[in-house]
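Please find below a colleague's note on the model under review. The points follow the sheet, the helices and the ligand shell in turn.

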Amino acid sequence: MPELLYLSEGMTVNSLRRGSSRGSFRSLTAVNRAVITCARCPRLRAYCRRVARDKKPEFSEWDYWGRPVPAFGDPGARLLIVGLAPAAHGANRTGRLFTGDSSGNWLYEALHRFGFASRPDAVSRTDGLELRDCYITAAARCAPPGNKPSRTELERCRPYLSAELRLLERVRVVVTLGRIAHDAWLNAAGWWERLPPRERPRFAPNAETRLPDGTVLVASYHPSRQNTNTGKLTRAMWHAVFRRARVLLDR
Ligand code: SF4
């Protein structure tokens with residue numbers, strides 16, 4: 001049935017790939033509605049449901065979200081953040097991206113520090129957090145086992161990201177968190193096809209690229225525990241990304 005909802009928005013995967021997604025999804029709300037009921041990836045949907053049923057002991061009192069997680073933020077945002085996918089006991093539990101896990105602690109602290117969020121932490125969908133001039137989305141909207149969506153799953157989810165990019169008309173700076181998110185954005189925005197391979201912005205931490213349309217792409221390691229606990233991503237590197245986004249937008 002979710003496939004029917006998908007089509008009821010007047011689109012096909014091919015139409016989205018051809019770039020007609022904006023006409024199909026009239027609003028970010030419509031994208032989010034379709035995401036929440038999506039069932040295109042049986043492996044991921046089964047995993048999210050299983051995690052929601054079994055829970056982590058420390059979250060045994062929680063009623064896990066257990067579904068695809070929609071993007072959220074300011075529809076007029078000039079800063080777009082692209083993550084990888086919901087965390088099994090983070091966004092898959094709380095229903096909001098980067099909410100309720102250590103990656104979110106890093107992200108919202110930085111967003112708040114540089115004026116893009118109303119508070120420095122995120123604990124639940126009802127915590128009152130508001131994003132300012134910022135929108136947060138992800139390459140895949142369902143928590144994947146081992147934090148690794150397959151290539152096919154990423155391709156299935158890409159139309160949602162493409163639709164968001166067409167509806168977020170004011171975005172000027174894009175921060176991609178990790179190589180998968182970086183490549184997902186390049187694909188969804190059409191740059192992967194339009195640019196010759198040697199001109200495609202390669203993923204490198206804190207690398208900045210200005211695309212031909214003026215959009216500035218800033219890459220960062222993902223603030224996962226694996227990166228932050230090992231010092232691969234330091235707080236200084238992390239803050240430099242958002243400080244740079246603020247400078248670019250304030251020019
Ligand atoms: S990962 Fe994306 S395409 Fe796959 S089921 Fe979740 S929302 Fe749908």
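Which residue takes a positive phi in the hairpin of strand 5 and strand 6? The residue is G214, with a positive phi near 95 degrees, and the hairpin has five residues between its strands.

1. Basis of the note. This is a predicted model, in which local features need pLDDT of at least 70 and side-chain atom pairs count only at pLDDT 80 or more, while totals for chains, interfaces and linings use all residues. Residues are numbered from 1 along each chain as its sequence is written. Helices (H or I, at least four residues) and strands (E, at least two) are DSSP runs, numbered from the N terminus.

2. The six strands form an open sheet with the order 1-3-2-4-6-5 and mixed pairing; two strands pair if DSSP finds at least two bridges between them. Strand 1 (72-73) and strand 5 stand at the edges with a single partner strand each, so one side of each is left without a neighbour in the sheet.

3. Individual pairings. Strand 2 and strand 3 are parallel over five bridges, and I81 has I136 in strand 3 as its bridge partner. Strand 4 and strand 6 also pair in the parallel sense, over five bridges, with V175 opposite V218 in strand 6. Strand 5 (residues 208-210) pairs with strand 6 in the antiparallel sense over three bridges, and here R210 stands opposite V216.

4. Burial of strand 6. Four of the five residues of strand 6 are buried, so this strand is largely enclosed by the rest of the structure. A residue is buried if 20 or more other C-beta atoms lie within 10 Å of its own, exposed if 12 or fewer, and partly exposed in between, with C-beta atoms placed from the backbone.

5. Helix 9. Helix 9 (residues 179-188) is mostly covered, with seven of its 10 residues buried. These are I180, A181, H182, A184, W185, L186 and A188. The buried residues pack against strand 2 (79-83), helix 8, strand 4 (173-177), helix 10 (191-194) and strand 6 (216-220); contact requires C-beta atoms, placed from the backbone, within 7 Å. Just after helix 9, G190 has a positive phi of about 90 degrees.

6. Helix 8 against helix 9. The axes of helix 8 and helix 9 come within 9 Å and cross at roughly 60 degrees. Axes are lines fitted to C-alpha atoms, for helices over the stretch in contact, and angles run from 0 to 180 degrees between N-to-C directions. Helix 8 contributes L154, R158, L161, S162 and L165 to the contact, and helix 9 contributes A184, N187 and A188. By class, the residues of this contact are five nonpolar, two polar and one charged. Ala, Val, Leu, Ile, Met, Phe, Trp, Tyr, Cys and Pro count as nonpolar, Asp, Glu, Lys and Arg as charged, and the others, Gly among them, as polar.

7. Ligand shell. Of the 14 residues around the ligand, C38, C41, P68, C142 and C157 come nearest; a residue is near a molecule if its C-beta atom, placed from the backbone, lies within 6 Å of it. Two elements give two or more residues to this shell, helix 5 (42-54) and helix 8 (151-167). Helix 8 gives the most, with three residues. The shell has nine nonpolar, no polar and five charged residues.

8. R156. This residue lies in helix 8 and counts as partly exposed because it has 18 C-beta neighbours inside 10 Å. Not counting residues up to four places away in sequence, R156 touches R40 and C41. R156 and G100 are 56 residues apart in sequence and 26 Å apart in space, C-alpha to C-alpha.

9. N147 has a positive phi of about 60 degrees although it is not a glycine, and is placed in the loop between strand 3 (134-138) and helix 8. With 17 C-beta neighbours inside 10 Å, N147 is partly exposed. N206, also not a glycine, has a positive phi near 65 degrees and is found in the loop between helix 10 and strand 5. N206 is partly exposed, with 14 other C-beta atoms within 10 Å.

Terms used. Two residues are in contact if their C-beta atoms, placed from the backbone, lie within 7 Å.
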